[in-house]
Amino acid sequence: MSVPLTLLGLLEREPSHGYDLKRDYDTFFGRGKPLPFGQVYATLARLARDGKVVIAVEPGDGPERKRYVITESGASEVNAWLVEPLAPEPHLQTVLFAKVVLAIMLGRPAEEYLDTQRRAHLARMRELTEVKRGGNLVDALLADHGLFHLEADLRWIDTTVARLDALTKEVAR
């Protein structure tokens, strides 16, 4: 997730205070991992330094409040980011794959590792299914995304277990 570009996108929607940006980020993008206030303000400071936002100081009952407004340069960057496709994931080298190969190379029980990983994936799938049942549409779509990735990993785990003898012969030379 690109925090700077996401904050710029929220600012393109409407000028906002840092607190409001954090709230909106956490509501839509920070599921389970809220953005620290320090990161919000440090990111906004860099965006201002780079000419992507300007800061409008507003008087208030207490200290002055800063309202952040996206610049034309910032809006252009958001637009370019939105229309550019992501590199297809996953990369061919994953941690899961590396652990299996290293387990084989080191003479450790790769199948036990895969079974443990399968159980962890299934537990996470149960959690995401509960999120879908009790959540709103945003939560359900995010849960679906995670579930589909976990399902693909489970298919890979099953395929790898079925090919473990052949992989062992190839890797443990």
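Please keep in mind that the model is predicted.

**The sheet**

Strands in a sheet are held to each other by backbone hydrogen bonds, and they may run parallel or antiparallel. Two bridges link β1 with strand β3 (residues 65–70) in the antiparallel sense. If you look for H17, you will find R67 of β3 opposite.

**Two helices side by side**

Next, turn to helix α5 (residues 95–105) and helix α6 (residues 110–134), whose axes come within 8 Å and cross at roughly 155°. Since angles over 145 degrees count as roughly antiparallel, α5 is roughly antiparallel to α6. On the α5 side, the contact involves L96, K99, V100, A103 and I104, while α6 brings A110, Y113, L114 and Q117. By type, the residues of this contact are seven nonpolar, one polar and one charged.

**Salt bridges**

Across the whole structure, a search finds twelve salt bridges.

| Pair | N to O distance |
|---|---|
| D24 and R13 | 2.5 Å |
| R49 and D50 | 2.9 Å |
| E58 and R67 | 2.9 Å |

The salt bridge of D24 and R13 joins two helices: D24 lies in helix α2 (residues 18–28) and R13 in helix α1 (residues 3–13), so the pair ties together parts that are eleven residues apart in sequence. D24 counts as buried because its relative accessibility is 8%, whereas R13, at 46%, counts as partly exposed.

What about R49 and D50? R49 has 60% relative accessibility and so counts as exposed, while D50 has 43% and counts as partly exposed.

In the pair of E58 and R67, E58 is partly exposed at 22% relative accessibility. R67, which also stands opposite H17, is partly exposed at 27%. Finally, salt bridges with shared partners connect R13, D20, R23 and D24 into one network.

Note on methods. Residues are numbered from 1 along each chain as its sequence is written. This is a predicted model: local features need pLDDT of at least 70, side-chain atom pairs count only at pLDDT 80 or more; totals for chains, interfaces and linings use all residues. Side-chain values use heavy atoms; hydrogens and water are left out. Axes are lines fitted to C-alpha atoms, for helices over the stretch in contact, and angles run from 0 to 180 degrees between N-to-C directions. Helices (H or I, at least four residues) and strands (E, at least two) are DSSP runs, numbered from the N terminus. Angles under 35 degrees count as roughly parallel, over 145 as roughly antiparallel, 65 to 115 as roughly perpendicular and the rest as oblique. Contact means heavy atoms within 4.5 Å. Ala, Val, Leu, Ile, Met, Phe, Trp, Tyr, Cys and Pro count as nonpolar, Asp, Glu, Lys and Arg as charged, and the others, Gly among them, as polar. Two strands pair if DSSP finds at least two bridges between them. A salt bridge is a side-chain nitrogen of Lys or Arg within 4 Å of a carboxyl oxygen of Asp or Glu. Buried means under 20% relative accessible area, exposed over 50%, partly exposed in between (1.4 Å probe, protein chains only).
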